[in-house]
Amino acid sequence: MRRVFAIACFLAGLLPAVAFASGGEEGGLISLDKSLIIQAVNFAILLWLLTKLLYKPLLAKMDERTNAIQKSLDEAQAARAQAQKERDEFAAKIQAANAEAQRIRAEALKDAADEQRRLVEAAKAEAARLVAGARQEMDQDVRRARQELRQEVADLAIAISERLIKKSLNDTDHRRIVDDAIAHMGQKN
Amino acid sequence: MRAQEGTARRYAKALHMAATEAGAGEATGRELAAFLDGLQADRGALEILERPWIKPSDRRAAALALAEKSGSGKLVRDFIGLVAERGRLDHLAAIIAAYRDLIDADLGQARAQVRSAVALTDTEKARLSSHLQAALSKRIILEDSVDTNLLGGFVAQVGSLILDGSIDGQLARMRERLARGQA
């Protein structure tokens, strides 16, 4: 508005110069007479009309445009802030996901290590059990073999003894054996 | 086998009671032994008497005829008839053994079955009987036999008591010690 007023003042100040210039010579652009007042009034009306019909809508449009731009800028700023916020949130989520993944990985590694240790211990225990079983079985086999060997040796020795005794005993021996047995029975009594 | 012994013991006890009342304990034992000898000698009669499809009355009649033939008294004949009727003639040997044990117990005596590699002399029998009598505090009736399977010595059995004075027994004990790893 002030600019309009300044332009009007500038034009009003310019009028005397124009009037003087026209007064010096016949047939100038502006004549210093009553028509000047009418022209001034016309100019004022024109100025008012221009102001009313063009300048104000233009200013309103410009304000509206300015506001729209400002709003767009604000929205862009908000969007940027939102985007930044989302980016931050996303980054936080990624970080959290990374931390979770790290934790899961560490846990999985720990579980795997525990499982491996458990399997190794189980394998060791199984191996020890197998070894103990094999040793026990071997001991049993050895004991059985020894027993069988002793039995065979005993059977063989007794068989040989029986054969030798049967061949070597005569009637005197038989009598002596019976006497000894009866005497032995008497000692027990 | 154990059931047969139990059955035989019941029959023997019943006969023993009847014979003791009649005062013919030993004679009854002898008659029973004579009947058993006769029955075992007559294999055909024994087989017929042991057939399960022969009627009990027929079995009894056949057994009574055999008992009479062997010279058994009335008590023994009746007993044999009862045993045959009930199909227990296969128990007769066990019944006679149980009856003999009861009579021996009455008389305070015991029978010693002695198996020896060679026949025992009278002196040896007397010494053995003497030792057994001292050990069991009973009069001993020695029933000796030669067992050619024995290498040497003898084995005496009185009831459930076994006295092993044989080389075979010594060798068997030695075999056990060797098998156990004991020298």
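In what order do the elements of chain B run from the N terminus on? Colour chain B by secondary structure and follow the chain from that end: the elements run α-α-α-α-α-α-β-α-β-β-β-α, which gives eight helices and four strands in chain B. Keep in mind throughout the tour that this is a predicted model.

Of the 189 residues of chain A, 3% count as buried, while for the 183 residues of chain B the figure is 28%. Within chain B, when contacts with a separation of 6 or more are taken, residues 24 or more positions apart account for 67% of them.

Next, select helix α2 (residues 25–41) and helix α5 (residues 74–85) of chain B, which pack with their axes 9 Å apart and at an angle of about 50°. Because angles from 65 to 115 degrees count as roughly perpendicular and those under 35 as roughly parallel, that angle makes α2(B) oblique to α5(B). Their crossing is right-handed. To see where the two helices meet, show the side chains of B:T28, B:E31, B:L32 and B:F35 on α2(B), together with B:L75, B:V76 and B:I80 on α5(B), which make the contact. By class, this contact has five nonpolar, one polar and one charged residues.

Now turn to the largest nonpolar core, which has 22 residues, and select B:A12, B:F35, B:A63, B:I80, B:V83 and B:I95, the members that touch the most others. Helices α1 (2–22), α2, α4 (56–69), α5 and α6 (92–107) of chain B each supply at least two residues of this core. Centre the view on B:I95, which, leaving aside its neighbours within four places in sequence, is in contact with B:A8, B:Y11 and B:A12. A second, separate core holds 18 residues, including A:M185 of chain A along with B:A112, B:L151 and B:F154 of chain B.

Finally, display both chains and select the contact between them, which takes 23 residues from chain B and 23 residues from chain A. On the side of chain B that touches chain A, α7 (122–136), β3 (153–158), β4 (161–166) and α8 (167–180) each supply at least two residues. If you colour that side of chain B by residue class, you will find 14 nonpolar, six polar and three charged residues.

Methods: Residues are numbered from 1 along each chain as its sequence is written. Chains are lettered from A and ligands numbered from 1 in the order in which they are written. This is a predicted model: local features need pLDDT of at least 70, side-chain atom pairs count only at pLDDT 80 or more; totals for chains, interfaces and linings use all residues. Two residues are in contact if their C-beta atoms, placed from the backbone, lie within 7 Å. Ala, Val, Leu, Ile, Met, Phe, Trp, Tyr, Cys and Pro count as nonpolar, Asp, Glu, Lys and Arg as charged, and the others, Gly among them, as polar. Axes are lines fitted to C-alpha atoms, for helices over the stretch in contact, and angles run from 0 to 180 degrees between N-to-C directions. Angles under 35 degrees count as roughly parallel, over 145 as roughly antiparallel, 65 to 115 as roughly perpendicular and the rest as oblique. A crossing is left-handed if the near helix is turned anticlockwise from the far one by less than a right angle, and right-handed if clockwise. A residue is buried if 20 or more other C-beta atoms lie within 10 Å of its own, exposed if 12 or fewer, and partly exposed in between; C-beta atoms are placed from the backbone. A nonpolar core is a set of buried Ala, Val, Leu, Ile, Met, Phe, Trp, Tyr and Cys residues joined through C-beta atoms within 7 Å.
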